[in-house]
Structure formats: structure tokens, C-alpha cells
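Hello,

Below I am handing over the structure that we talked about, together with my notes on what was found in it. Please have it open beside you while you read.

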Amino acid sequence: MPIAKAQPGNTLLNPSNHALIMIDHQSQMAFATKSIDPVQLRNNTALVAKAAKEFKVATILTTVAEKSFSGPMFDEIKSVFPEHDVIDRTTMNTWEDARIADRVNSFGKDKIVFAGLWTSVCIVGPVLSALDQGFEAYVITDASGDVSDEAHERAIERMILQGARPMTSLQYLLELQRDWARSETYNETVATSIAHGGGYGLGLIYAKTMFNASEAH
């Protein structure tokens, strides 16, 4: 008979047990992305970047052929990490770049969260490679996109079949917060939710304006 304990499950993310890799959120890749509206995509990447910055998550930013073809990383990400070193690659599979492997190994995390364009190329390659090498892989599905719904969905399906764990951008933020009594990150989590959380953010504005409500009480 299992015994219930007031503690989180081992597969839940917290700020210190994982690394985040944001891959190829670039204009050239976004032009052909049809599975998600580009405005929503940019909003969701901002949410993920702000969550990672707020909770001090070990983060890797990477682009492909930035200067010669694909353009710079979305400003929604770069503005959050203005001094962050962005690794520019030639490989379609991020995991095949030795600099990425070195950075992952330096973090010493067995859980890796991925987000990027396109799902079927930029994300499938590193996720399947990481899983094959014994890492736990999580994919933020709404901070990724593809040339069609079919391409995006089949890519997600393929990764899930190999053990990847799908999640959304807002889920990522709230999973890191996880307890509204964590006052040191409460205000920033609420601010990020209001700015990028869609209807949930509107609800927060309403509750705090009309009732001065607070989830921690």
C-alpha cells in the first residue's frame, strides 16, 4: 500500500534540478511556422525566458546560422538575457555541437527542458539524443512550432513515444513557483503571468484590482 507524503514527485521541475535549452527562435524559422500564431509563439517564449531568469535556471541559448541566414534570436528572449552567450551552430541537431554538450555537462543536471523552432527538426534531434544518453527530457510544446499542425503533432508524438514529457509555457512558470507562499518569487511570477498569461493574466489583474486578492492567503 503506498504512503502519501507531503512532498513533490521526482518528475516535477524545480529551479535547481534542470537546465533549459532554447533553440533557434529566429525570424527565418518563424516565417514558415504555421502550427502556432507567431505573436503567440513570441509571447510564450518571453514567458519561458522570464521564468528561467526569475528562478535562476541554468540556461543555454542557441541559434543556427544567425549571421548568414536565419537572423537573430527573438528579442523577447535576448532582452531577458542581454549578456548571455548565444551559441551559434551549423548543426541542425543542437546536441551534436560539442559546445552544447560541454555546457550541459558543466551544469550537472539530468533533466533538460527544450523549446525551439522547428519541433520536427530543432527539437526532435536533441530530445531524442538526450533521451538516448540517459537524460530526462521535457518539451515546452507551445514555445515550439512547425511548418504545419501535422509536422508539430507528429514530432511531439515521436518524442513522447521515446519518453519525453510535454508541457506548456505557463505550466513551466507555475511549476517552478509551485507554492504561492514562496514570497521571494511571488511578485515576479504574478507579473510574468499578467504580462504573458493570456486569460489567466487578465483574471489576476481583475482579482488584485477589485479585491486586492493574493493566492498566498
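**Salt bridges**

The side chains of Arg89 and Asp24 meet in a salt bridge, with a distance of 2.8 Å from N to O. Please keep in mind from the start that this is a predicted model. The pair joins distant parts of the chain, since Arg89 is in strand S3 (residues 86-89) and Asp24 is in the loop between S1 and H1, 65 residues apart. Are these two residues buried or exposed? Arg89 counts as buried because its relative accessibility is 2%, and Asp24 counts as buried as well, at 1% relative accessibility.

By the rule used here, the count of salt bridges comes to nine. Another one of them joins Glu136 and Lys111, whose side chains meet at 3.5 Å, N to O. Glu136 lies in strand S5 and Lys111 in strand S4, so this pair ties together parts that are 25 residues apart in sequence. Here the two partners fall into separate classes of accessibility: Glu136 is partly exposed, with a relative accessible area of 22%, whereas Lys111, at 7%, counts as buried.

Arg99 counts as partly exposed, at 41% relative accessibility, while Asp97 is buried, with a relative accessible area of 9%. Finally, there is a network of salt bridges that links Glu150, Glu153, Arg154 and Glu157.

**The chain as a whole**

Along its principal axes, the C-alpha trace spans about 50 × 45 × 35 Å. Of the 217 residues, 47% count as buried, and the accessible surface of the chain comes to about 10,800 Å², of which 55% belongs to carbon and sulfur atoms.

**A covered helix and a buried serine**

Helix H6 (residues 119-132) deserves a careful look, as this helix is mostly covered, with ten of its 14 residues buried. Among the buried residues of H6 are Thr119, Cys122, Ile123 and Val124. Which elements cover them? The cover of the buried residues of H6 includes strand S1 (18-23), helix H1 (27-31), strand S4 (111-116), S5 and H7. Just after H6, Gly134 takes a positive phi of about 100°.

Ser144 is placed in the loop between strand S5 (136-140) and helix H7 (149-161), and this serine is buried, with a relative accessible area of 1%. What does its side chain reach? The side chain of Ser144 reaches the backbone oxygen of Ile140 at 3.1 Å, and a polar atom of that side chain also lies 3.1 Å from the backbone nitrogen of Gly116. Leaving aside residues up to four places away in sequence, Ser144 touches several others, including Thr119 and Ile123, both of which are among the buried residues of H6.

**Towards the surface**

Ile194, Leu202 and Ile205 form a nonpolar patch on the surface, and together they have about 250 Å² of accessible area. Leu202 has its place in helix H10 (residues 198-211), and counts as exposed because its relative accessibility is 58%, where the cut-off for exposed is over 50%.

Arg42, in helix H2 (residues 38-54), counts as partly exposed at 41% relative accessibility. Apart from residues up to four places away in sequence, Arg42 touches Phe74 and Glu76. Arg42 and Ser183 are 141 residues apart in sequence, and their C-alpha atoms are 28 Å apart in space.

With best wishes

Methods: Residues are numbered from 1 along each chain as its sequence is written. This is a predicted model: local features need pLDDT of at least 70, side-chain atom pairs count only at pLDDT 80 or more; totals for chains, interfaces and linings use all residues. Side-chain values use heavy atoms; hydrogens and water are left out. Patches are made of residues with over 30% relative accessible area and no salt bridge: like charges are joined within 9 Å, nonpolar side chains (Val, Leu, Ile, Met, Phe, Trp, Tyr) within 5 Å. Accessible areas come from the Shrake-Rupley method with a 1.4 Å probe; for residues, only the protein chains shown count as cover. A salt bridge is a side-chain nitrogen of Lys or Arg within 4 Å of a carboxyl oxygen of Asp or Glu. Helices (H or I, at least four residues) and strands (E, at least two) are DSSP runs, numbered from the N terminus. Buried means under 20% relative accessible area, exposed over 50%, partly exposed in between (1.4 Å probe, protein chains only). A polar contact is a pair of N or O atoms within 3.5 Å; within protein, one must be able to donate a hydrogen and the other to accept it, and residues adjacent in sequence count only if both atoms are side-chain atoms. Contact means heavy atoms within 4.5 Å.
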